Amino acid sequence: DGDGGDAEPDDDDHQLVSGVAGRLSLPLGDNLSLQTDVEVEYSSTALTDGRQNDMFAHSFLGGGHLSWRDPNAGLFGGFAAFGGGASDDNGGDGTRNFSFYAVGGEGQFYADNFTFYVQGGYIDGASDAALPVIDSDALRDAFFGRGVVRWFMDPDTRLQGEIAYVDGDTDEGDPSNMTIVEWGVRYDTVIRDLPILGDKSVFVGYRGAHFDKDDASDDEAEFTDHTIMVGFTHRFGTQSIQETDRYGATLDMPNFGRW
């Protein structure tokens with residue numbers, strides 16, 4: 001706050017978040033393909049100690065999808081991911097670190113200008129050399145489901161809506177149930193003939209999430225997060241957004257690092 005004192009619980013609860021994601025789809029024959037994903041997301045307080053407890057600091061994710069696809073009908077397959085995240089912790093050493101792994105199945109159905117996309121699977125906290133003990137607050141033993149609808153108004157204009165549900169545990173030793181409901185909408189299009197840049201794919205979107213921990217002793221066990229997103233994408237190997245959806249890197253990962 002202005003006089004240098006401690007922030008109140010509801011203060012400093014806004015931040016700027018940046019991120020980058022890369023996806024590469026490799027054909028393994030006529031219908032089989034392997035896609036790899038790498039994602040990094042970080043906040044404006046990632047390199048400093050924030051004053052707001054449990055504010056998101058940064059996350060990373062790596063993973064892959066193995067799938068069979070008919071561009072005229074749909075796709076089915078499985079995926080696996082690993083990664084980590086961190087949040088500010090006023091009552092501790094300034095940062096709380098988490099790591100995770102996730103596995104699941106997924107499928108897409110193509111209907112003219114619509115793509116229907118479903119995912120489901122399992123996520124758990126993971127130990128590694130840097131994090132030999134899973135943080136007691138880490139999400140563990142959780143199941144999730146995600147549904148996405150994409151509408152292509154034309155080959156280079158897409159409107160997407162999605163919703164996800166997560167149910168798992170937190171608080172090791174005396175587990176509390178944690179549920180997460182996440183929703184979002186995103187609009188992608190191509191701006192033509194920009195100076196120097198030429199044609200450029202851009203997007204604007206919104207993502208919301210409600211976190212609810214079943215812990216009557218904790219008054220701050222429930223909160224809602226809102227994120228406004230703007231950015232650009234670069235494609236190679238395909239000529240339009242819709243062609244990428246049917247022939248290229250059409251798959252993505254849920255927001256495991258945020259969860």
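Here is a short tour of this predicted model, one stop at a time.

Before you click, a few ground rules: residues are numbered from 1 along each chain as its sequence is written. Local features need pLDDT of at least 70 and side-chain atom pairs pLDDT 80 or more, while totals for chains, interfaces and linings use all residues, and side-chain values use heavy atoms, leaving out hydrogens and water.

**Stop 1: the whole chain.** Show it as a cartoon and you'll find eleven strands and one helix. These are DSSP runs, numbered from the N terminus: helices are H or I with at least four residues, strands are E with at least two. Of the 259 residues, 41% count as buried. Buried means under 20% relative accessible area, exposed over 50%, and partly exposed in between (1.4 Å probe, protein chains only).

**Stop 2: S33.** Select S33 in strand β2, residues 32-43. Is S33 buried or exposed? S33 is buried because its relative accessibility is 7%. Beyond its neighbours within four places in sequence, S33 is in contact (heavy atoms within 4.5 Å) with residues including S25, L28, H65 and R69.

**Stop 3: D112.** Now jump to the loop between β5 (94-111) and β6 (114-125), where you'll find D112. D112 isn't a glycine, yet its phi is positive, about 55°. Most residues other than glycine have a negative phi. With a relative accessible area of 66%, D112 is exposed.

**Stop 4: D141.** Last, pick D141 in strand β7, residues 140-154. D141 is another non-glycine residue with a positive phi, near 50°. Its relative accessible area is 40%, so D141 counts as partly exposed.
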